[in-house]
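I opened this model to look up its charged side chains. My notes follow in the order of the look-ups.

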Amino acid sequence: MNKILRFFLIIVVSSGILLYAISSLNTSQGYSGGNTLTVYNWGDYIDEDLIAQFEKETGIKVIYETFDSNEAMMTKIQQGGTNYDVAVPSEYTIEKMIQANLLIPLDHSKLPNLKNIDQRFMDLSFDPKNKYSVPYFWGTVGIVYNRKLLPDKEITSWNDLWNPDLKNQILLIDGAREVMGMGLNSLGYSLNDTNKKHLAEAKEKLDLLTPNVKAIVGDEIKMLMANEEASIGLVWSGDASEIMSENEDLDYVVPKEGSNLWFDNMVIPKTAKNVEGAHQFINFMLNAKVAAKNTDYVGYSTPNKQALKYLDEEVVNDERFYPSPELTKKLEVYENLGKRNLSLYNELFLQFKMHPK
Ligand code: N2P
């Protein structure tokens with residue numbers, strides 16, 4: 001054989017062996033692809049029995065990881081080096097991820113259970129025609145409060161939280177848009193305000209709340225409120241619903257000045273190694289009975305219309321957690337305000353967190 005030909009043959013064969021070795025190394029270390037699926041979701045946001053059920057039904061092994069803010073999730077996906085197959089961002093972040101070219105268009109023919117979703121939650125402005133995302137849960141932001149610890153206080157407004165009687169009584173979720181939003185709404189401004197003066201005013205107003213703030217926390221807010229470590233919490237609706245079933249003195253209100261209406265949807269990031277399995281997982285979560293079991297467990301509001309019949313009537317008729325379209329019209333959905341404005345929100349929130357008591 002001619003020498004040059006032999007040289008090329010050796011190169012082709014050895015690179016083939018190398019590629020095979022690398023790919024088998026990947027699967028044997030439990031990376032996504034092949035028969036594994038990596039799911040990246042908010043903390044406390046799934047009934048883990050359903051993961052086991054999915055694994056049993058499909059033979060796919062799920063690697064499950066959690067995050068606690070849209071910003072942290074998106075940064076991690078953007079940085080690369082991960083292989084998430086499914087993630088669950090909120091609406092304004094979905095729009096950002098589409099713009100940053102981080103998502104794979106969904107194949108709707110592989111998601112027959114999408115028909116179970118209430119049309120009210122489909123084709124929203126952040127993702128026209130649900131090209132990249134399908135509904136998982138939805139809800140509001142509001143105040144959970146303990147009627148027993150606050151016997152003669154009626155909480156109806158954001159501004160009620162600035163009452164000097166509430167010293168060291170308030171817990172806040174660790175979310176830049178939620179906390180800045182509370183400051184903005186309390187002043188009558190929009191949750192999507194980008195006027196620098198208004199944002200500075202909101203931050204100053206938040207600084208005045210500091211004596212009343214006991215802590216800014218993550219998912220442990222539920223345990224702390226249920227155990228009566230504080231009498232008031234700024235929370236996402238589903239967290240309130242979950243702890244209200246543990247402590248009957250707790251109640252939830254969406255303040256009268258207005259608040260946030262949010263949607264968390266399932267997406268397939270570009271980092272996916274198992275796109276087929278990702279569609280299977282998403283379709284599984286859209287199954288009516290699965291969605292009902294998940295809703296029962298996490299306490300958030302399901303967009304799955306067919307799941308409602310498997311849920312307690314009392315729960316799905318509770319306007320606090322299933323507000324009617326008339327009520328939700330009064331609420332604001334976070335908009336993608338662009339990189340600069342979002343950085344300003346994050347920066348002001350950080351300054352507020354470091355503000356001395
Ligand atoms: C669940 C977090 C809910 C996220 N722990 C609200 N977008």
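Which residue forms a salt bridge with Lys353, and how far apart are the closest N and O atoms? I found Asp174 as the partner, with the closest N and O atoms 2.8 Å apart. I keep in mind that this is a predicted model.

Entry: the place of this pair in the chain.
I looked up both ends. Lys353 lies in helix H13 (residues 339-354), and Asp174 is in the loop between strand S5 (170-173) and helix H5 (176-186), so the pair ties together parts that are 179 residues apart in sequence. I then checked accessibility. Lys353 has 35% relative accessibility and counts as partly exposed. Asp174, at 34%, also counts as partly exposed, because the class covers values between 20% and 50%.

Entry: the total.
I counted salt bridges by the same rule and got 16.

I looked at Lys203 and Asp207 next. Their side chains meet in a salt bridge, 2.6 Å from N to O. Both residues lie in helix H6 (residues 196-209), where they are four residues apart, about one turn of the helix.

Entry: a pair between two helices.
I recorded a salt bridge between the side chains of Lys222 and Asp239, at 3.9 Å from N to O. This pair links distant parts of the chain: Lys222 is in helix H7 (residues 221-226) and Asp239 in helix H8 (residues 237-244), 17 residues apart. I find both Lys222 and Asp239 buried.

Entry: charge on the surface.
Asp296, Asp312, Glu313 and Glu314 form a negative one. I followed up one of its members, Asp296, and placed it in helix H10 (residues 288-298). Asp296 has 63% relative accessibility and so counts as exposed.

Notes:
Residues are numbered from 1 along each chain as its sequence is written. This is a predicted model: local features need pLDDT of at least 70, side-chain atom pairs count only at pLDDT 80 or more; totals for chains, interfaces and linings use all residues. Side-chain values use heavy atoms; hydrogens and water are left out. Patches are made of residues with over 30% relative accessible area and no salt bridge: like charges are joined within 9 Å, nonpolar side chains (Val, Leu, Ile, Met, Phe, Trp, Tyr) within 5 Å. Accessible areas come from the Shrake-Rupley method with a 1.4 Å probe; for residues, only the protein chains shown count as cover. A salt bridge is a side-chain nitrogen of Lys or Arg within 4 Å of a carboxyl oxygen of Asp or Glu. Lys and Arg count as positive and Asp and Glu as negative; His and the chain ends are not counted. The place of a charge is taken as NZ of Lys, CZ of Arg, CG of Asp or CD of Glu. Buried means under 20% relative accessible area, exposed over 50%, partly exposed in between (1.4 Å probe, protein chains only).
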